[in-house]
Amino acid sequence: MILNQEQLSFFKVNGYIILPKILDPDLCEKARDLLWSSLPKETNIKREDPSTHVGPFIENDLEEDVTNLRQGYKWQLRSIGTDQLMIDLVYSEALQQIAEELLGKDTLVKPKVGGKTMGQHGAAWPGGPVDPALDNEGARGIYATLPYGDKEKEPDFCHSDGHPFNLSLVGLIDDVLPNGGAFKVWPGSHKRLYPTFQMQYDQPRIAYYEHLPSYKGIIQSEAYEEEIKKVMEDTKPVDCCGSEGDVVLWHHRLAHMAGHNYSNKMRLAVLGDFIKKDLDENRAKPPQDNMWQDWSEDLNTAPETYSDEMARSQKLID
Ligand SMILES: [Fe+2]
């Protein structure tokens, strides 16, 4: 086992676990190189000049193609999601083992080097997000958030993801300062949101028609809308900032957001999902009495207690 029992317990209660320095530093460096090398030659943003990294992207540097999106403060390189480098980084032996310790041994779909990548179909519906599960055989990609500069401060707003998956990963490929755009999680929200869905891993959707534009995409239950509002009111989010190589693993129903970047440094992360081979047969089932039914025996038997020291290491308490 790589995870100890306290880590399993913490994940069970809070829906996330931060694992320090687990990404290979050489591969993190190569991933940063890969992101910068995806730029066309004549851009305003220059790697060697951090003053040019402050967002939003200027018109000349914009890219609408969602497989390599540069828009506003977001830079999302998805076309490299199944490159050998990305698979070695996001789905390393250690990380696959850890995911199996949570989800069960030999239960995971293996990523495919050179396979299909996220975003090739464009947005899931007009004006909607890109579907991370559609035809994606590897990582979601490298996601960067430019510094906000003098942009007005915005409130946090959390969501849960709409596509079917079991467990997800956000890994820092460079140091990220507090309030520097790191992944933000609302601890414990997975337990409160899980029962509000009609389906364990999926959601009903309504088709888009140009002449009937009022409804499109995911339909959330009223219970979900009420509960996520309460979560935002009563739960203090955890800013998963940290050092190059740190990873946060999170439950598929956990409320989260990509943090606002009020630091002066670009936030660089890799994202990827873990999917079980039985996701297809389980995705439309209603929420189960035991929400850990599809998870490992070790996780099922882990007690829901942990030390203050553990909570501190997970940024849950000061
Ligand atoms: Fe999300």
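**Entry 1: strand 5**

I started with strand 5, and both of its faces are covered: L167, L169 and G171 on one side, S168, V170 and L172 on the other, all of them buried. Before going on, I noted that this is a predicted model, where local features need pLDDT of at least 70, side-chain atom pairs count only at pLDDT 80 or more, and totals for chains, interfaces and linings use all residues. I also noted that residues are numbered from 1 along each chain as its sequence is written.

"Buried" here means that 20 or more other C-beta atoms lie within 10 Å of a residue's own; 12 or fewer makes it exposed, in between is partly exposed, and the C-beta atoms are placed from the backbone. Strands are DSSP runs of E, at least two residues long, numbered from the N terminus.

**Entry 2: who sits beside strand 5?**

Two strands count as paired if DSSP finds at least two bridges between them. Which strands pair with strand 5? One is strand 10 (residues 247–251), antiparallel over 5 bridges, with G171 opposite V247. Another is strand 12, also antiparallel, over 6 bridges; there S168 has D273 as its bridge partner.

**Entry 3: the core**

Next I looked up the largest nonpolar core, which has 68 residues. Such a core is a set of buried Ala, Val, Leu, Ile, Met, Phe, Trp, Tyr and Cys residues joined through C-beta atoms within 7 Å. V90, I142, C240, V248, L249 and V270 touch the most other members. Strand 12 (residues 267–274) gives the core its largest share, 5 residues.

I then checked V90: leaving out residues up to four places away in sequence, V90 touches L95, A139, L169, G171, V270 and G272. Contact means C-beta atoms, placed from the backbone, within 7 Å.

**Entry 4: a hairpin**

Strand 2 (residues 68–71) and strand 3 (residues 74–77) run antiparallel, joined by 4 bridges. R70 is partnered with W75. The two strands form a hairpin with 2 residues between them, and G72 in the turn has a positive phi of about 60°. Strand 3 also pairs with strand 4 (residues 141–145), antiparallel over 4 bridges, where K74 partners T145.

Last, I found an open antiparallel sheet with the order 9-6-11. Strand 9 (238–239) and strand 11 (256–258) are at the edges with a single partner strand each, so one side of each has no neighbour in the sheet. Strand 6 (residues 183–185) joins strand 11 through 3 bridges, and F183 stands opposite A258.

Technical notes: Contact = placed C-beta atoms within 7 Å.
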